[in-house]
Amino acid sequence: MKKPFFYDITLRDGNQSLKKPWQLHEKQFIFEKLHELNVQAVEVGFPASSHMDFEACKTLSDMAWDGLVVSGLARAVQSDIDSAIKSIGHAKTPRIHTFLTLSPFHMKYVLNKEPQYCSKKAVEAVEYAYNQIKKINPNAQIQFSVEHFGDCGQNLDFVIDTLKKIVNAGASVINLPNTVERTRPATFINMIEQVKNALPDDVIISLHNHNDLGMATATTVEGYFAGAVQLECCLNGLGERAGNTDFAQVAVALHNNGIDVPVNLEKIYETSVIISQMSKVKIYEKAPLVGPEALAHRSGIHQDGAIKTKDMDFGAYRPIKPSLIGRDDDEKIGFTSQSGKTAVFEIINNAGYQITIDEAVRLTPIVKEISEKKGELGTDEILKVYFSEILNVKGAFEFVSFKHLSDDKFKLAFKFKNDLKEVEGCGNGPLDACLDALKNAGFPRKLSFYKQYALDEDKLGSGANAMSVINLVGKGGEEIIGRAIDQNTARANVKAIFNALNQIYK
Ligand code: KIV
Ligand code: ZN
C-alpha cells in the first residue's frame, strides 16, 4: 500500500466556515503547527476569495518547508486561476486546485448548465491552469475536484469520461469530494474504485469527505484501503456545516490498523486544543480521541478494566495509549452511582491516602447512595466519606490527650463508654507507651504493623501532615487496621490505635 498523503484543508475549507475567518498572523501560526504535525500538503486558501486571503496564500507559500505541496483553490474560471497562480505559483511545489461540479442535480438546478458545457469548462480550466503555471514553475501540479462527486452515481460514466480528458489536460490529482454526505460509505467507495480503475495508475486519487451524516472518517479510512492515497482532512473536523473529515481520527485509525502514518501523532492533542481556541469552536465533550470525556470511565466494569490495564499499550476500554497523541496517560475515573469499588480504591489512593480493597468495598455502597442524589462525586466528597467512615470511626473509645512524663513514660487520658480514664504507660516512644498504658487500663492489644506517611497539607485542608497506619491483632487473631491523620506525628500514632480499638470493641 502507498503511504497516505495528508492534505490539510484547515486553512481553506476550515477557515471559510468560521464566524471570523483567520487573519494572516493566525494563518501563519497554524501553518507552523501543520509543519510540526508534518502534513504533506496544505491548501493555504482561496486566493480569489478576498484580498486578505490572497496575501495570506502568498506569505504562506514563502514559508513552505521542503517537500511541502502548497495548494490554492480556484473555481474553473481564468480569473480565479490567475489569482491562484499569482499568489502561490512561486512556492517550491505549488498546486492549483480547480473544481467544477459534474453532478446532474447541481449542473441543472444550481449552475443551470448542460453536462457537456460543464465537462468542457472543466477540461479547459485544467488546460489553462497547467499551461500558465508551468511557464513560471516546472514543479507545479494541477488538482481537479468533481464538486458533489457523491451525487454522481447516476452519471458516473460521463464523469469518468470527463476525468480522462482532465488527466490528459494536465491534472495529476483527481479529488472526489463527498461535498454533502448522503450515501453509505460502501456506495461511495464503490464509485471511487470505478474512477480509480478507469484512470491511469499514476493519477493520485484524493478524498474530501464532509461529515453531514457523521461517517466522513469511516469513508476516508475505507477509501484509503480502496486505493485513494491523498486524504483531505481538517483539524478538529472544521469545515462547512458539520465539517470535514477529522484529521486526528483518520491518522489514528490508520495507525491503529497497521499503516505507517507519516505525521507526528504526538502533536495531535496540543494542536487540537490550539485550533479550538483559535477557531472558537469548542472540542465537544465526547469528541473521539481529543474530547475531555474521551478517556473518562464511570461504569464499575469499565473502571475495573481501565485500572487493570492502565500502564499497558493496549487498554481494556480505550483505543490508544493517550500519550500516542500527546495526551496525559491518566484516564479519568469519575465516581457515580454506576461506579464500583475499584474506583473508590483508586480515587482515595490517588489522593494520597492508604486504603485497602476491603475498606473500599465497605465505602462503596455509602458513596453510591450519596451519588444517586448528587451525580458525579469529586475526590473531596469521596474523601469526606473516607474520613468519617474509616479515619474517624466513632465507638466505645474516645481519645482525649497524652503527655510525656519523661523519655519513656507517658500519661494517656481517654474515655471508654464515656468514662474518663487516666493511665500511665512505659515504652520506647509514644506508640509503645500508649499500648502499655492501654494494657494497664485493661485493654491489652498486640501491634502487628506500623507505618507513617507524610501527607500533602493542601489535600486535607486541615493542616494535617502525617497519616499513621497501625494494625492491631483483633479478638479472633485477625488484623484490624487503624488509621489516623494529625499535624503531630506522635498524636497520629495514638489516634490510629484508638481507631483500631473502636473497630475491635464495637
Ligand atoms: O466540498 C467540496 O466539494 C469542496 C471542493 C472545493 C473541493 O470543498
Ligand atoms: Zn469541502
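**Figure 1. The open sheet β14-β15-β16.** Three strands form an open sheet in the order β14-β15-β16, and their pairing is antiparallel. In this predicted model, the edges of the sheet are taken by β14 (447-454) and β16 (479-486), each of which pairs on one side only. On average, neighbouring strands of the sheet are turned by 15 degrees against each other, direction ignored. Strand β15 (residues 466-473) is joined to β16 by eight bridges, and the two run antiparallel. Within this pair, A466 stands opposite D486 of β16. Helix α18 packs on the sheet and touches β14, β15 and β16, its direction making about 140 degrees with that of β16.

**Figure 2. Helix α18 and its buried residues.** Helix α18 spans residues 489-504, 16 residues in total. The distance from its first C-alpha to its last is 23 Å, close to the 22 Å expected at 1.5 Å a residue. The buried residues of α18 are A492, N493, V494, K495, A496, I497, F498, N499, A500 and L501.

Figure 3. A492 is located in helix α18. Residue A492 counts as buried because 24 other C-beta atoms lie within 10 Å, where 20 or more are required. Leaving aside residues up to four places away in sequence, A492 touches Q452, A466, M467, S468, A484, I485 and D486. One of these contacts, S468, is 24 residues apart from A492 in sequence and 5.7 Å apart in space, C-alpha to C-alpha.

Figure 4. Strand β1 (residues 5-8) pairs in the parallel sense with strand β8 (residues 230-233) over four bridges, and F5 stands opposite Q230 in β8. Strand β1 also pairs in the parallel sense with strand β2 (residues 41-45), here over two bridges. In this second pairing, A41 of β2 is the bridge partner of Y7, and V42 of β2 stands opposite D8. Strand β2 in turn pairs in the parallel sense with strand β3 (residues 69-75) over four bridges; G45 stands opposite G72 in β3. Five of the five residues of β2 are buried, so β2 is largely enclosed by the rest of the structure.

**Figure 5. The packing of helices α3 and α4.** Two packed helices are described by the angle between their axes and the distance between the axes. For helix α3 (residues 51-63) and helix α4 (residues 78-88), the angle is about 40 degrees and the axes are 7 Å apart. The two helices α3 and α4 are therefore oblique to each other. On the side of α3 the contact is made by F54, C57, K58 and S61, and on the side of α4 by S83, S87 and I88.

**Figure 6. The crossing of helices α13 and α14.** The axes of helix α13 (residues 341-350) and helix α14 (residues 357-374) come within 8 Å and cross at roughly 110 degrees. This angle makes α13 roughly perpendicular to α14, since angles of 65 to 115 degrees fall in that class. Residues K341, V344 and F345 of α13 meet I357, A360, V361, L363, T364 and V367 of α14.

Figure 7. L176 lies in strand β6 (residues 173-178). Residue L176 is buried, with 24 other C-beta atoms within 10 Å. Not counting residues up to four places away in sequence, L176 touches V146, F149, I192, V195, I205, S206 and L207. L176 and V281 are 105 residues apart in sequence, and their C-alpha atoms are 27 Å apart in space.

**Figure 8. The domains of the chain.** The domain assignment divides the chain into domain 1 (5-263), domain 2 (296-391) and domain 3 (397-504). The C-alpha centres of domain 1 and domain 3 lie 74 Å apart.

Technical notes
Residues are numbered from 1 along each chain as its sequence is written. Chains are lettered from A and ligands numbered from 1 in the order in which they are written. This is a predicted model: local features need pLDDT of at least 70, side-chain atom pairs count only at pLDDT 80 or more; totals for chains, interfaces and linings use all residues. The expected span of a helix is 1.5 Å times one less than its number of residues. A residue is buried if 20 or more other C-beta atoms lie within 10 Å of its own, exposed if 12 or fewer, and partly exposed in between; C-beta atoms are placed from the backbone. Two residues are in contact if their C-beta atoms, placed from the backbone, lie within 7 Å. Domain bounds come from an automatic or database domain assignment. Two strands pair if DSSP finds at least two bridges between them. Axes are lines fitted to C-alpha atoms, for helices over the stretch in contact, and angles run from 0 to 180 degrees between N-to-C directions. Angles under 35 degrees count as roughly parallel, over 145 as roughly antiparallel, 65 to 115 as roughly perpendicular and the rest as oblique.
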